[in-house]
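This report covers one protein model, from its surface and overall dimensions to its metal site and strand pairing.

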Amino acid sequence: MTLSIRPHASDFAADAMGIDLAQPLDDATYHAWKLAFEKHRVLVLHGQHFNDDRHVAFSKRFGPLEAFPEEEMCARGHNTILRVSNVHRDTGEFLTMKDAAYASFVLGTSEWHIDSSYRRMPSRCSFLLAREVPASGGDTMFANMAMAYAALPDAKKTELEGVYAIHEFGAMAQKKGAPAKTPEVRTKNPPVRHPLVQRLPNGERALFLGSHIDTLDGMGGEQAQSLIAEMTEWATRPEFTYRHKWNVGDMVMWDNLATMHRGMPYERAGDRRVLQRTTVAGDWAIAA
Ligand SMILES: [Fe+2]
């Protein structure tokens with residue numbers, strides 16, 4: 001295989017061509033892929049048709065995979081492949097917001113977020129494959145938070161020094177009126193404190209935001225929410241974002257520390273969307 005990379009405007013996100021993920025990856029291709037990923041942070045591969053075993057196999061080259069707790073939300077027989085879909089795995093029926101797990105997922109993924117930012121070590125990266133796509137809508141948007149930070153005025157950078165946010169599992173759903181998580185779930189997922197400006201593994205600095213943030217440490221509620229909103233609006237300006245319109249066979253890999261993402265609306269009640277995701281577990285504690 002020979003990998004070739006076509007960067008999008010501004011070098012954020014790139015199309016990666018020449019890889020067939022249905023085949024085993026040789027070391028040279030893997031290393032070239034990894035380098036391109038570290039540079040562009042979102043990689044798009046088109047025309048991919050691989051099975052679940054291959055999805056797990058190539059994902060694991062990048063690190064140990066996260067297992068997902070809800071069996072019904074996973075591909076059959078694979079607790080490391082999450083189904084991102086509006087149709088039930090077994091019955092094929094459309095899911096509705098009366099389904100608590102589905103409702104929480106929809107609420108959770110439609111706002112700008114970083115996967116599992118409520119952990120000390122959030123997920124490292126994800127691989128999302130499109131098996132079925134709706135006729136319109138259902139795009140995924142990505143925002144590059146290293147670019148967003150670099151472009152901030154110096155005065156704002158200084159203002160953000162030493163500011164910490166409290167991330168909490170369930171904060172997002174609760175803001176949208178969903179029932180609070182049970183005491184058991186809350187005990188298992190205590191709030192964590194992360195700097196608003198992180199240092200990435202490569203040494204670059206980047207904003208660290210997303211809707212799992214409950215508030216800012218030591219700041220009044222109103223002032224905190226206004227600073228969070230201001231930074232989120234900044235980080236998601238068009239020049240820092242990439243919007244992916246899915247075609248069947250697209251596989252998108254994203255850096256979960258340096259980017260935020262969100263799913264865009266589509267006709268959930270009547271247009272099938274079946275995506276499958278593997279996620280490499282975090283190995284990096286967020287620090288200023
Ligand atoms: Fe997500």
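## Surface and basis

The protein exposes about 13200 Å², and carbon and sulfur atoms supply 53% of that area. Accessible areas come from the Shrake-Rupley method with a 1.4 Å probe, and for residues only the protein chains shown count as cover. Of the 288 residues, 52% count as buried (under 20% relative accessible area; exposed is over 50%, partly exposed in between; 1.4 Å probe, protein chains only).

The model is predicted: local features need pLDDT of at least 70, side-chain atom pairs count only at pLDDT 80 or more, and totals for chains, interfaces and linings use all residues. Residues are numbered from 1 along each chain as its sequence is written, and side-chain values use heavy atoms, with hydrogens and water left out.

## Overall fold

The secondary structure comes to 8 helices and 15 strands; these are DSSP runs numbered from the N terminus (helices H or I, at least four residues; strands E, at least two). The radius of gyration is 19 Å, close to the 19 Å that the globule rule gives for 288 residues, so the protein is as compact as a globular protein of that length. The radius is taken over C-alpha atoms, and the rule is 2.2 Å times the number of residues to the power 0.38.

Along its principal axes the C-alpha trace spans about 50 × 45 × 35 Å. Among contacts (heavy atoms within 4.5 Å) between residues at least 6 apart in sequence, 79% join residues at least 24 apart.

## Iron site

His 113 (NE2), Asp 115 (OD) and His 261 (NE2) coordinate the iron ion at 2.1 to 2.2 Å. The donor residues follow the spacing H-x1-D-x145-H in sequence. Both His 113 and Asp 115 are buried.

Donors are N, O and S atoms within 2.8 Å of the metal (3.2 Å for Na, K and Ca); water is not among the atoms, so sites may look incomplete.

## Strand pairing

An open sheet of 3 strands has the order β8-β7-β11, paired antiparallel. β8 (192–195) and β11 (213–216) stand at the edges with a single partner strand each, so one side of each lacks a neighbour in the sheet. Strand β7 (residues 164–167) is joined to β11 by 3 bridges, and His 167 has Ile 213 in β11 as its bridge partner. Two strands pair if DSSP finds at least two bridges between them.

Elsewhere, strand β2 (residues 14–17) runs parallel to β3, with 2 bridges joining them; Asp 15 stands opposite Val 44 in β3. Strand β3 (residues 42–45) is covered on both faces, with Val 42 and Val 44 buried on one side and Leu 43 and Leu 45 buried on the other.
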